Structures are given as structure tokens and as C-alpha cells.
Amino acid sequence: MEQSIQFNEELIKRYNQTGPRYTSYPTALQFENDFGIADYEAAAERSNASGRNLSLYFHIPFCDTVCFFCACNKVWTRDRSKTTPYLERLYKEIEMQSKLFDPSRKVDQLHWGGGTPTFINMDEMSELMETTRRFFNLHDDDSGEYSIEIDPREANKESVKLLRNLGFNRMSLGVQDFDEKVQKAVNRIQTQKQTFEVLEGAREFGFMSVNVDLIYGLPFQTESGFIKTLDRVLEAEPDRFSIFNYAHMPSLFPTQKKMNEADMPSPDEKLAILHATTNRLLEAGYVYIGMDHFAKPDDELAVAQRNETLYRNFQGYSTHAECDLIGMGATSISLIDNTYAQNYKGLDEYYQAIDAGHLATFRGVHLTEDDELRRDVITRLISHFHLNFDKLNQRWGIHFDEYFAKELQALKPMMEDGLVTVTDSDIFVTPAGRLLIRNICMVFDAYMKPEVQNRFSKVI
């Protein structure tokens, strides 16, 4: 498939509304508190009968300093001893979770996120991975996709080498911006030396894929300044980039109030940053994967997209669509069989649940067949920019043009604007529509109503 994009400023401005990022469908807004442990255990039993392999996610919530822009579930502390009680509970949860799943099921995907996973020390990293290997069937080679989010301020070559020896083969590196004025405004002072030491270590010790995160829309950012950061990172030739649009939502994330809105780039400047960044990455040989993500053409994400085997979950784009996802740690979310289940968000509630000898599940949702069908549609569109009706008809026993007659009608303005091409058998997202894929997916979202839509970030 073609993996090009077309930057149409007029269309982007017209369609730049709020909407979900579709790391799940339904989104977390549909999770219900009457979903409990018994529901999760029943889903795990159904999951065992499926023969699917597993994906494990571990949430490490701690951060040494708080980045004012951050919207993650985190615990800001300088007290490193706080990791001990957290990890003790996490080990208990690992053991409890393992008892629900057939031990023969291989773990094809593993991810440590946060917070700052490298906040824990090297002995704790080793212990967490050893505990995981004791209770779950991990690969002993690089056939699994084992990744970790890294803050270069909390890592060095020594810790990178350890992580590689523990089995990690992919990393995502937070950079955001090298400009000192921007860093000071967002309370994230990070030197280029720290960043490139980790990048060099990843290459030296054989990490298979390195992703770099940049954020546009922060105070004092300009097009020229942001491109200066991008060019510096490009010198290291990372395999992937994530170019995130900063979403200013201080009512939901109070630390964002510490930044001065007057210092933030205007919508036009933000668009100019995105346009220049997109052009520079395409010129450098990267392809657009979707939803802020770029990758080298031979990267496994780019290959999976061309083969239409790419998938999207809570960790972003993935090559393991067939796995059931077990989330562990505070606030983590699992996708087991036809359910989503979330752990308690606060440490006190999480600790109380684990100490009582049961899982920390506090809410979730059972997906209806319509939910699963629409998730399939949205996942195919957001991952492949293409939807074949016959494949959906055969899998779900429907007639696409009848089942989604209302949605096909709603796509007509987007067809006229050149965002999509609709034939009798397929929907193709055009190069001009790919940056606006969230808008296209929203057409198929049964829960998308005006009062709900405003709870999400802008699509661009």
C-alpha cells in the first residue's frame, strides 16, 4: 500500500475538532463500576479457550520531577523508597494474575510504562523481570516485542545494557524539545548529552527498535526551534518518531496550570510546526504510520501496515493484534476476550485490594457484538487506512452497506472533501485524509455525542 500523506491546511483547520485517540473502543468513558473481579475472571477463562498468546503491561507510576504538560497517571516523589511497597504489591498481582491464565500461553508482547519505569533501580528492574518470568511464559530470544518507556534523565549506558540483558529489545525515549527556554517552562530540564548517551547505548547493546517522542504546542516553541531539535535527533537515526500534539486540558490535569497559556504557540504556529516536521521526516525517508507516528520503511510497524496486520492498543501501534492484554499495576487496563478491565488508579486503593488477596479491578465494560464489530472497523481504518467490506461481512455475518448505511451517508462530505474514497467494496483513506483519521473513525463511533466529544483532545 501507499504510505504517503498530503498536508492540506484548509482541510485540517476545518476538521480540527476534538475526538478520541482510539487506543480502545469503546473508550474508557464507557467503563462501568459494576464490572468486577468475577467478570474479569470469567473473561480470563474464555480467553484460555481461545489459544491466543498474551501481552503484558506493567505500570510504574513514579516520577522524580513532574513535567507540567504530562497527562499520564503518575506519582511525583523524590522518595525512592516508595517503590518498595509498590513493587511488593505488583509481585503479588503478577502471581494472582498468572493463576488465571494457561501457563503454556507465550507472552509475545511486554511493555513497562508510567510514570517513569526507569525510576526503579537496577536491582528492582531485575527482580521485576525475574518475577514476571517465574509466573509467565516469556520468550528467551528476541521473537517477543518487549519494550520500555525511558526518561533519559533516569537512565545511562549501564542501565540500558541491563535492560537489554533482561530481555528488552525496544525502547521509547522521551525528548519533547531540546530548547532550554521550552524545557524550563515545562519543568523538564534534559540535556542532549543525557539523551544521546541512551540512544548510543541502545545501538551498542542491540536494541531492535528505538522510538523518540517529541511534543509540539508547548510554551515558547516555534517552527524553527522545533525543527532544530528534530534535526539534532535525526542525526541519531531512530527507527520511529512519535510527534505528539500537546493537549492543554488544565481542568483535567492541574499541573498544566503551571504553564502560561500566553507563552504557547498560536494554532497557526502549531500547524506550521506540524507541517515543517512532517516534511522533514518524509524528506529523511520516514513513512507516516498514523496518529502522530512515523517509522523507517523497513521498520516492523511500516511492514505490518503494508501487510494490513498492524494493530492499535493502549501502547500505541503494535504488530500483535492476536494477543490478549493483561494490565498490571495501578490504573492499568486489560483487554481480555470481549472485556476491558481497569485497576484502581490511586495507590492506597490498589494496595488495599492486593493486600486483601484479590485483584485490583474496579471498573470495566463488556463489549457487545456491535462494539466488537465497530472496534474492528475503527482499528482497520486507523491502522491500515483501508477497509474491505467483504472481509467484514465474512467475519461478522453482516452486509456492510446495510449495517453501516447511516455511516456511509455521513462519510459523503468527507468524500467530497477528498478525505476518503468509497467504492462498492472498500473505503480508502486518501493521503489528505490520513492526518484526519480520527475524524473518519468518529463516524463509526456509536458513543460519539457532542457532550462526550468535548472530553477529548483536538485531533491536530
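Visitor: Hi! Which word describes how α8 and α9 lie to each other?
Guide: Helices α8 and α9 are roughly parallel to each other. Under the scheme used here, angles under 35 degrees count as roughly parallel, over 145 as roughly antiparallel, 65 to 115 as roughly perpendicular, and the rest as oblique. Before we go on, this is a predicted model, where local features need pLDDT of at least 70, side-chain atom pairs count only at pLDDT 80 or more, and totals for chains, interfaces and linings use all residues. Residues are numbered from 1 along each chain as its sequence is written, and side-chain values use heavy atoms, with hydrogens and water left out.

Visitor: Thanks. At what angle do the axes of α8 and α9 cross?
Guide: At roughly 25 degrees, and the axes come within 9 Å. Helix α8 covers residues 223-234 and helix α9 covers residues 267-283. The axes are lines fitted to C-alpha atoms, for helices over the stretch in contact, with angles running from 0 to 180 degrees between N-to-C directions. As for the names, helices (H or I, at least four residues) and strands (E, at least two) are DSSP runs, numbered from the N terminus.

Visitor: Is the crossing of α8 and α9 right-handed or left-handed?
Guide: The crossing is right-handed. Right-handed means that the near helix is turned clockwise from the far one by less than a right angle, and left-handed means anticlockwise.

Visitor: And which residues of α8 and α9 make the contact?
Guide: On the α8 side they include Phe226, Ile227, Leu230 and Leu234, and on the α9 side they include Ala272, Ile273, Ala276 and Leu281. Contact here means heavy atoms within 4.5 Å. By class, the contact of α8 with α9 has eight nonpolar residues, one polar and four charged. For these classes, Ala, Val, Leu, Ile, Met, Phe, Trp, Tyr, Cys and Pro are nonpolar, Asp, Glu, Lys and Arg are charged, and the others, Gly among them, are polar.

Visitor: What about α3 and α11, at what angle do they pack?
Guide: About 45 degrees, with the axes 10 Å apart. That makes α3 and α11 oblique to each other, and their crossing is left-handed. Among the residues that meet are Tyr86, Leu90 and Met96 in α3, and Leu347, Tyr351 and Ile354 in α11. This contact of α3 with α11 has eight nonpolar, no polar and four charged residues.

Visitor: New topic! How many salt bridges does the structure hold?
Guide: It holds 31 salt bridges. A salt bridge is a side-chain nitrogen of Lys or Arg within 4 Å of a carboxyl oxygen of Asp or Glu.

Visitor: Which residue forms a salt bridge with Asp324?
Guide: Arg52 does, and the closest N and O atoms are 3.0 Å apart. Because Asp324 lies in strand β14 and Arg52 in the loop between α2 and β1, the pair ties together parts that are 272 residues apart in sequence.

Visitor: Is Asp324 buried or exposed?
Guide: Asp324 is buried, at 4% relative accessibility. The cut-offs are: buried under 20% relative accessible area, exposed over 50%, partly exposed in between (1.4 Å probe, protein chains only). Arg52, at 26%, is partly exposed.

Visitor: Where does Asp337 come in?
Guide: The side chain of Asp337 meets that of Arg52 in a salt bridge (3.5 Å, N to O). Asp337 is partly exposed, at 21% relative accessibility.

Visitor: What is phi of Asp337 near?
Guide: Phi of Asp337 is near 55 degrees, a positive value in a residue other than glycine. Tyr22 is not a glycine either and has a positive phi of about 55 degrees. Tyr22 sits in the loop between α1 and α2 and is buried, at 4% relative accessibility.

Visitor: Why point those out?
Guide: Because most residues other than glycine have a negative phi, and most peptide bonds are trans.

Visitor: Which residues does a cis peptide bond join?
Guide: One joins Tyr25 and Pro26, with omega about -5 degrees, and Pro26 is in the loop between α1 and α2. The peptide bond from Gly114 to Gly115 is also cis, with omega near 20 degrees. Gly115 lies in the loop between β4 and α4.
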